[in-house]
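Here is a friendly walk through a helix pair and a sheet. Have the model open alongside as you read.

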Amino acid sequence: MDNDNLNVSHLAWCGLIALHTARRDGVATSPAQDNLFLTRWLATAEKQRRFPRELASDISWLLKEGRVKGLRADLPGKLDYLWRAGNGNLQGQNDLFRLQHALHAVKLTGWIYMVLAESEWRGRRQLRLSPSVSGIYLNRHALDAGFDEHGRQRIPLPARITGELYALDKLLQRSGWRREAARSADEHLHLLLADGFRAA
């Protein structure tokens, strides 16, 4: 683990502990108050330079998310993701948990994430995708069949993806997943694969 991950993980841990303390003390008693508390906490951390300079852009981004999006920013969720991704525990989880974690992170960045029924995946009622909207769309049947009872991947997971692939790849890699373009006429079709997964 590099120092950047350690620093981000430490920032996230401090924010989560501060929030836990505020909840225990009755200062934050609702999701809206959680967001307000963390926005103020981040503003104070930025003003007092409590964390290494390398984290200035991370703090600034989190602060902007909290101020602009309000409750939709889900600052506790973002901090939880940064903590899990940076502290090494995430890689010890099963494939399904790590995929869910990655997809949660994708949603936090503003992407659309949808699980589609078979009728929405193909045929006359297939969902039309807009290349200008960042989104990841999974097939419900493949998702249900894709993992064994221990959460290990059994089959490549098809996904239709629109948006900046590089940004998505970075989020997937943090959770121990990767994306490969599918051999298909559908330009949006990709396969999601857990690290270490080998198709039979």
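H2 passes H3 in a left-handed crossing, a term that applies when the near helix is turned anticlockwise from the far one by less than a right angle. The model is predicted, so local features need pLDDT of at least 70 and side-chain atom pairs count only at pLDDT 80 or more, while totals for chains, interfaces and linings use all residues. Residues are numbered from 1 along each chain as its sequence is written, and side-chain values use heavy atoms, with hydrogens and water left out.

**The helix pair**

- Helices (H or I, at least four residues) and strands (E, at least two) are DSSP runs, numbered from the N terminus.
- The axes of helix H2 (residues 31–48) and helix H3 (residues 56–69) come within 9 Å and cross at roughly 145°; axes are lines fitted to C-alpha atoms, for helices over the stretch in contact, and angles run from 0 to 180 degrees between N-to-C directions.
- On the H2 side, Asn-35, Thr-39, Leu-42, Ala-43 and Glu-46 meet Ile-59, Ser-60, Leu-62, Leu-63, Gly-66 and Arg-67 of H3, where contact means heavy atoms within 4.5 Å.
- The residues of this contact divide into five nonpolar, four polar and two charged; Ala, Val, Leu, Ile, Met, Phe, Trp, Tyr, Cys and Pro count as nonpolar, Asp, Glu, Lys and Arg as charged, and the others, Gly among them, as polar.

**The sheet and its edges**

- Five strands form an open sheet of mixed pairing, in the order S1-S2-S3-S5-S4; two strands pair if DSSP finds at least two bridges between them.
- Strand S1 (112–116) and strand S4 (177–181) each have a single partner strand, so one side of each is left without a neighbour in the sheet.
- From one strand to the next, the twist averages 30°.
- S1 pairs with strand S2 (residues 135–139) in the parallel sense over five bridges, and Val-115 stands opposite Leu-138 in S2.
- Helix H8 (residues 165–174) packs on the sheet and touches S2, strand S3 (157–162), S4 and strand S5 (189–194).

**Strand S3**

- Six of the six residues of S3 are buried (under 20% relative accessible area, with a 1.4 Å probe and protein chains only), so S3 is largely enclosed by the rest of the structure.
- Leu-157, Ala-159 and Ile-161 point one way from S3, and Pro-158, Arg-160 and Thr-162 point the other way.
- S2 and S3 run antiparallel, joined by four bridges, and Arg-160 in S3 is the bridge partner of Tyr-137.
- S3 also pairs with S5 in the antiparallel sense over four bridges, with Leu-157 opposite Leu-192 in S5.

Definitions and conventions
Buried means under 20% relative accessible area, exposed over 50%, partly exposed in between (1.4 Å probe, protein chains only).
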